Amino acid sequence: MWSSRFAHADVKYYLSNQVTEVNLVDCLSITDNALQAIAANCGANLTNLNVSGCENVTDEALMAIAANCSNLTKLNVSECRKLTDDGLKAIAINCSNLTNLDVSKCKNLTDDALKVIAACCSNLTHLRVSRCSNLTDDALEAIAENCTKLMKLNVSGCSTLTDDARKAIATYCSNLSILFAFSCNFMSLPQDIGDRVPELQTLNLFANKLTALPRSIVKLTKLKNLTLRKKPLQTPPVEVAALGLQAIARYFAELDTAYQAVSMELMVVLVGEGGAGKTSLRNAIAGRVNPRQGRDDSTLYLDREKVEIDDVILSFCDLGGQPAYTSSQALFTTPSALYLLVVPIDKADENNFEDDVGRFLEVLQALVPGAIVQIVITKTDLVGNDESAVSKCKKWLHDAVNEELNRWREAVAKNQNVSPDVVQMLKVQDEVLAVTVDDAAVIDAARKSIVELTTLFPSVGQTIIRNRGWLFGDF
Ligand SMILES: Nc1nc2c(ncn2[C@@H]2O[C@H](COP(=O)(O)OP(=O)(O)OP(=O)(O)O)[C@@H](O)[C@H]2O)c(=O)[nH]1
Ligand SMILES: [Mg+2]
């Protein structure tokens, strides 16, 4: 193995024709010349070549390797971004003994190259094509049909893949033990997955679109790592899936025997400064004729109310906005609730930002960092419902909130020495709602927008088991 300081001249100097493995990971100064020298010197002895991250390597180098090193079994060209289909096709045609191939992040690759690999390299057991964003189902279908010895496959970040690719993988690759497929577009798993891939140990479907797992998944007794977060899984609920195969098996078993109900309820927490207009907004959404609260009807601690709209039940938790209540109200914050942050238009400015907006964002970010937050401006009648004034206010508030969150994101990232991308932040909706509680049409539109947000919550529409056997003993 050479360090990243070596350039092609050094490679030639150290090379003997006995070398069977060459590892040049991240040797940025390596060019085609060096690889041509390696190909010529090592010839058929070379079995393992790793040039991952060698950004200057092009198809010319791969063609030289292909022409000279027909016994190559392992090739890693991940992040060699200049490579195209031509180089990979040459490798596939001349190095048909390949068992391990890593072409991840080779963004120029298309289905053409993968189809040739599928046709020529049927001994592949390990294949990584992650973040090859041009690949489509056609390529994966060809790979699955021809490379039936595959044990490890990584197609993560191939965002154009659909259930057709998933179906082909499950149909033909019965030896698969590891499948990484995060950020694909998979909507479902095959019903008989439990019979098709019995060796599966790791299944990573992070950030796909699955809403249900097939019952037969419980037959995959070797499955140790199942990653399913960041998507609206409903059957079983994502909390059950996170507990592993035993919990999933129990859930499906209970589904057969227990009373069931589909939960259409969403907890909606109203937060905002005292007098912001939270209770009046709740009154309006509930359809009360005179929604405005009296001047002295400040909410004491909190109020609960369920409001049914269409099929959905909004279970309001209306938190009194007086600062004295704040600490004990932490009990009513949960990541699975929708938060309506209510800001009166006469306080939506720089001077009041900290008291009327900032302190609530801060509490929510601390308690429920991934939660969904909808900002609602109220009392638009105070500016005569003037459209341009209202939209100016919406934009200002949107930008001010996002600037604040971005500042926090950077600060947390710096503090924890991690990338800002991995810091979990409140999901503040881009659209800011604006209402006056007396205008039925405006309230109607706001009500629709809020109900629409329930689609972001997997708990709405989820089948829940209403069996109290676990509490009283089975009888
Ligand atoms: N002009 C105007 N006043 C409103 C509107 N909505 C509410 N108000 C008034 O604002 C005041 C406070 O309203 P509430 O709904 O009690 O406010 P809140 O946020 O629930 O306040 P706390 O319960 O103390 O946290 C009352 O006097 C309401 O009549 C509105 O759309 N326009
Ligand atoms: Mg109130």
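1. Start with the hairpin of β12 and β13: two residues sit between its strands, and aspartate 310 has a positive phi near 50° there. Strands here are DSSP runs of E, at least two residues long, while helices are runs of H or I of at least four, both numbered from the N terminus. Before you go on, note that this is a predicted model, where local features need pLDDT of at least 70, side-chain atom pairs need 80 or more, and totals for chains, interfaces and linings use all residues. Residue numbers run from 1 along each chain as its sequence is written, with chains lettered from A and ligands numbered from 1 in the order they are written.

2. Now look at who pairs with β13. Strand β12 (residues 302–309) lies antiparallel to β13, with eight bridges between the two; strands count as paired if DSSP finds at least two bridges between them. In that pairing, arginine 304 stands opposite cysteine 317 of β13. Strand β11 (residues 265–271) runs parallel to β13, joined by six bridges, and leucine 266 has leucine 314 of β13 as its bridge partner.

3. Why is β13 (residues 312–319) described as largely enclosed by the rest of the structure? Because six of its eight residues are buried. Buried means 20 or more other C-beta atoms within 10 Å of the residue's own, exposed means 12 or fewer, and partly exposed is in between, with C-beta atoms placed from the backbone. Over the 475 residues of the chain, 37% count as buried.

4. Next, ligand 1. Its shell holds 22 residues, the closest being Ser280, Gln293, Ser298, Thr299 and Gly321; to be near, a residue needs its C-beta atom, placed from the backbone, within 6 Å. Helix α11 (residues 278–285) gives the largest share of that shell, three residues. Sorted by class, the shell has 13 polar, six charged and three nonpolar residues. Here Ala, Val, Leu, Ile, Met, Phe, Trp, Tyr, Cys and Pro are nonpolar, Asp, Glu, Lys and Arg are charged, and the others, Gly among them, are polar.

5. Finally, zoom out. The chain has 15 helices and 18 strands, and its C-alpha trace spans about 90 × 60 × 35 Å along the principal axes. Its radius of gyration is 29 Å, whereas a compact globule of 475 residues would have one near 23 Å (taken over C-alpha atoms; the globule rule is 2.2 Å times the number of residues to the power 0.38). The domain assignment, automatic or from a database, gives domain 1 (8–257) and domain 2 (265–456). Their centres, taken over C-alpha atoms, are 44 Å apart.
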